Amino acid sequence: MHRVSVFGLGPVGLVTAVCIAHAGNSVVGIDPDVQRVRIINDGEAPFYEPSLREYLKEVLKKRSFSATDNSVENAKSDVAFITVGTPGARDGSINLEYVKSAAESIGHSLRARHGYQLVLIKSTVIPGTNRQLVKPLIEKESGKVLGRDFGVCSNPEFLHEGNAVYDCDSPDRIIIGGETHEVEVAEKFYSELYGKNLPALVRTNSETAELIKYANNSFLAVKVSYINMFANLCQEIPGADVEDIAKGIGLDKRIGSMFLRAGLGWGGSCFPKDLRAIASFGKRINVPTSLVDAAISLNEQQPLKAIELAEKLVGNLTGKRVAVLGLAFKPDTDDLREAVSIPIVRDLLEKGAIVVAYDPTAIDNAKTIFGNRIEYAKDSVTCLDQSDCCIIATEWNEFKTIAPETFLNKMRMPAIVDGRRIYDPPRFMRAGIKFAAIGLGQ
Ligand code: UGA
């Protein structure tokens, strides 16, 4: 059994902490936000993530996990994780303020520690952060010797929201970047954590490990933008369908079928921030990142395809009542950060449309963004009431089962823009609904 501290109890940190405790270790979660600490200790997750609440309740009951705002607790741990956020700065570069303060707190608490501590950086950070910032800060604050008293590995995470608990329990691979000894300590920790389920390990230096995270997210985002580019081409060719293109190329084992769902673009707290950060880093060291730049610019335009299609179906949007189904950046989360619904709603409002929106989990978060400029419906069917057009912005499962008859009965003028390709176009068109979809040429 290990004693583990986790610095930063956001979506990555809390899931990591709770999963490691669930696997039989003793974990303390450290976060300066007293309110957040209280909520977590009461057994509530401060954000929606499937299975997290159940896990949290279990580990609190077993006393294998607790949260605190007191970073001195870290002195008792043999492993410390840094899982704080690395938000984007105005120029697209990353803000390392929270990483810095976590490193300082770790350093400070290590003064009271006897014995080695391994620090694992899970936060997404630009190459050089571990070597040039975290290690020197911990050394300075602790008065300890790097390599003898502590080690710091870059150990990026690949949890995706909505599936984070599963990803943490069953990762595809583990990346460990650092010097030989610290990498060995990390490897031993993970071998004990996952036992016979230990996935493939990639051992490398810290800069490469830091870059792997950006390479991973950039690749996935470029892949989505790539299929979106073909979706846009399909839309101009009568009868062409991007769904068949995704199927056709996805069966090529070299390409693979995942992340080929065409839609209104990628969002969330990771892809947009990470692509901007790597583009800004490339600029700083004079290396063009043109593929990433192209994906960013394509993605900025993609949400507006929804408006284009809505105008095609119902004409001028001024005074029209538009139902937006789905606000979260993807299903199974209440996260609205950089969600495509934001530019869509803003554009609809600018065009004078009346917007009524529904999302199974994200309404409270949406209210902080749109306030009373839009209406919020209590469920999807009510959302459609007397509307002139419906835009599917997030592919929640519960929207997939809405029958064409429901749209016909509830809407004033049944017209659907399927921005996430959840419906069978012939079925909806046969029912007499005006229907348009991303990547469907008509
Ligand atoms: C992403 C990565 O998938 C994780 O591996 C990574 O750990 C995480 O970022 C992070 O950096 O912390 P996440 O942002 O939770 O995870 O969401 P994804 O499931 O990757 O989706 C990102 C966006 O791409 C969403 O807006 C989604 O709707 C969109 N997407 C995804 C598509 O439009 N089409 C697809 O086929 C797949």
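Is leucine 159 buried or exposed?

Before you dig in, note that this is a predicted model, in which local features need pLDDT of at least 70, side-chain atom pairs count only at pLDDT 80 or more, and totals for chains, interfaces and linings use all residues. Residues are numbered from 1 along each chain as its sequence is written, and side-chain values use heavy atoms, with hydrogens and water left out.

Step one: get the cut-offs. Buried means under 20% relative accessible area, exposed means over 50%, and partly exposed is in between (1.4 Å probe, protein chains only).

Step two: look up the value. Leucine 159 has a relative accessible area of 18%, so it's buried.

Leucine 159 sits in the loop between strand 6 (150-154) and helix 6 (164-169); helices (H or I, at least four residues) and strands (E, at least two) are DSSP runs, numbered from the N terminus.

Step four: list its partners. A contact means heavy atoms within 4.5 Å. Skipping neighbours within four places in sequence, leucine 159 touches Val12, Val15, Thr16, Ala164, Asp167 and Cys168. Proline 171 is twelve residues along the chain from leucine 159, with 8.3 Å between the C-alpha atoms.

**The ligand**

Work out which residues are closest to the ligand.

Step one: find the shell. The ligand has 19 residues around it, and Glu157, Glu161, Asn217, Arg261 and Lys330 are the closest.

Step two: sort the shell by type. You get nine nonpolar, three polar and seven charged residues. Here Ala, Val, Leu, Ile, Met, Phe, Trp, Tyr, Cys and Pro count as nonpolar, Asp, Glu, Lys and Arg as charged, and the others, Gly among them, as polar.

Phenylalanine 158 has a polar backbone atom 3.1 Å from a ligand oxygen. Leucine 159, from the opening exercise, puts a backbone N or O atom 2.8 Å from a ligand oxygen. Asparagine 217 uses a polar side-chain atom instead, 2.8 Å from an oxygen of the ligand.

On its own the ligand has 710 Å² of accessible area, and the protein covers 95% of that. Areas come from the Shrake-Rupley method with a 1.4 Å probe; for residues, only the protein chains shown count as cover.

Helix 8 (206-235) and helix 10 (271-284) are the ones that give two or more residues to the shell, and helix 8 provides the largest share, with three.

Find where phenylalanine 259 and asparagine 286 lie.

Most residues other than glycine have a negative phi.

Step two: compare. Phenylalanine 259 isn't a glycine, yet its phi is positive, about 60°. Asparagine 286, also not a glycine, has a positive phi of about 60° too.

Step three: locate them. Phenylalanine 259 is in the loop between helix 9 (242-250) and helix 10, while asparagine 286 is in the loop between helix 10 and helix 11.

Step four: check accessibility. Phenylalanine 259, at 33%, counts as partly exposed; asparagine 286, at 69%, counts as exposed.

**The cores**

Step one: define it. A nonpolar core is a set of buried Ala, Val, Leu, Ile, Met, Phe, Trp, Tyr and Cys residues joined through side-chain atoms within 4.5 Å.

Step two: read off the core. The largest one has 65 residues, and Val324, Leu325, Leu327, Leu348, Phe407 and Tyr423 have the most contacts inside it. Helix 12 supplies the largest share, six residues. A separate core of 41 residues includes Val15, Val37, Leu118 and Ala186.

Step three: look at helix 12 (residues 304-314). Its buried residues include Ala306, Ile307 and Leu309. Among the partners that the buried residues of helix 12 pack against are helix 8 and helix 13 (341-350). Just after helix 12, glycine 315 has a positive phi of about 75°.

Conventions: A residue is near a molecule or strand if one of its heavy atoms lies within 4 Å of it. A polar contact is a pair of N or O atoms within 3.5 Å; within protein, one must be able to donate a hydrogen and the other to accept it, and residues adjacent in sequence count only if both atoms are side-chain atoms.
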